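Please open the model in a viewer and keep the sequence alongside.

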Amino acid sequence: MAPSDDPTLLYGIGATKAGTSWLYRTLANREDCALSAVKETHYWDTFDLDRCDKQIGALTRQRIEFEEAARAADVAGQGWKARNMARRIASITRLIDMLARPRDDHGAYVAYLMAEAGPRTRLIADICPSYALLPAARYAQMAKLDENARFLYLMRDPLARLWSAVRMQAKRQRQQGEDLAEKANNTLWRILHKGAETHVTQRGDYGAVLKKLSETVPPEQRAFLFMEELLSDDGYGDLCRFLGLPLAPAPVEERVHAGAEIAMRPHLLRDAKAFLAPQYEAVARHMGRLPAAWEAGI
C-alpha cells in the first residue's frame, strides 16, 4: 500500500475474549470502514504450509455450512439472510484463494482487504486475536508493509479474560450430560495446576506482547488500550483519533459473544489471582497504571 491517501490498515490484536469481536463489529458498522465479512484472515500466522492447509480446510468446511444456510434461507423466503450468507460465501472464497497464493509481495493480501473498499473508505482492518502469538520479527514485517499501518493491542482484566476464555472452552468441549459449571471449573483447575490448555494462557501473556510490539513497531503506529475503558465515549474517542476516524458515540450497549454466567469456585479464584499476578505487574510496569476496573478485582 503505497499512496498516503489509501485507507489506513489496522492490525487488531488482542487476547481471546478481550474485545476483538466488539472492535470488529463496531468498525464494520461504520460507513467509513470496509471490513471483510470474515473477521479473521489468519494471513500472518499461516506462513507455515501445514498451518495454512489446516486453515484453508477449516474455511472450506465453514463455506459449506454457509452454503447450506443460504439454501435453507432461500427456501424459507428469508431473503435478507440469504443475501448475508451470499456475502459471507463470497468473502470466504476470496480468502481461501488469497491464503493459497504465494506471499512474496503480500499483494493478494492487500487486494483481499481492499475488496469492499469504496471512495469514502478511510480504514480497512485485519482483526485476529491469534496474532498475539506472532514472533517479533513478524510484527516488524507487518509494519513495513504500510508505513501508515496501525497496530491496536486490546487488553482486558486478566482474571475476567481468563474466566471468560475458560467458559467458552468448556462450552465447546462439553459432552452430552456434562454440567457446564463443573466443566468450566475443572478446566480452570487444570490450567492453574496442570498447565493444560496452554493456548488460553499464552494468548493472555500481555507482558510478552507489549514487549514485542514496543520493540518492533514505531510508537506512532501502535496503541495499547484497555477494553474496559474502550467501552465509553472517551475511550472510543481515543481509538477514533488513533485511527484517524471522525469521532462518534461508542456503541457500548452491544455485547458480542457474551459467555454464560458461571461462578468460579472460591479456592480457584484465590489460585487464579496468584497465577495472574505477573500479568498485572507487567501491564502496570509498561503502562504506568492499571485501570480502576482491574484494581478492583486484584
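Predicted model: local features only at pLDDT ≥ 70, side-chain atom pairs only at ≥ 80, totals over all residues.

Residues are numbered from 1 along each chain as its sequence is written, and side-chain values use heavy atoms, with hydrogens and water left out.

Show the C-alpha trace next; along its principal axes it spans about 55 × 50 × 40 Å. In cartoon view, the protein chain has 13 helices and five strands (DSSP runs numbered from the N terminus: helices are H or I of at least four residues, strands E of at least two).

Of the 298 residues, 48% count as buried, that is, under 20% relative accessible area with a 1.4 Å probe, protein chains only; exposed means over 50%, and partly exposed lies in between. Where contacts (heavy atoms within 4.5 Å) join residues at least 6 apart in sequence, 76% of them join residues at least 24 apart.

**First selection: Thr-16**

Select Thr-16, in the loop between strand 1 (8-14) and helix 1 (20-28). Is this residue buried or exposed? Thr-16 has a relative accessible area of 17% and is therefore buried. Leaving aside neighbours within four places in sequence, Thr-16 is in contact with Pro-129, Arg-161, Met-168 and Arg-203.

Move to helix 3 (residues 79-99), which has 21 residues. At 1.5 Å a residue, helix 3 should span 30 Å, and its end C-alpha atoms are 30 Å apart, which agrees; the expected span is 1.5 Å times one less than the number of residues. Colour the buried residues of helix 3, among them Ala-82, Met-85, Ile-89, Ile-92 and Leu-95. Which helices do the buried residues of helix 3 pack against? They pack against helix 2 (49-75) and helix 4 (107-113).

Finally, select Leu-180 in helix 7 (residues 180-194). Leu-180 is buried, with a relative accessible area of 15%. Not counting residues up to four places away in sequence, Leu-180 touches Ala-170, Lys-171, Arg-174, Ala-260 and Ile-262. Draw a distance from Leu-180 to Asn-84: the two are 96 residues apart in sequence and 32 Å apart in space, C-alpha to C-alpha.
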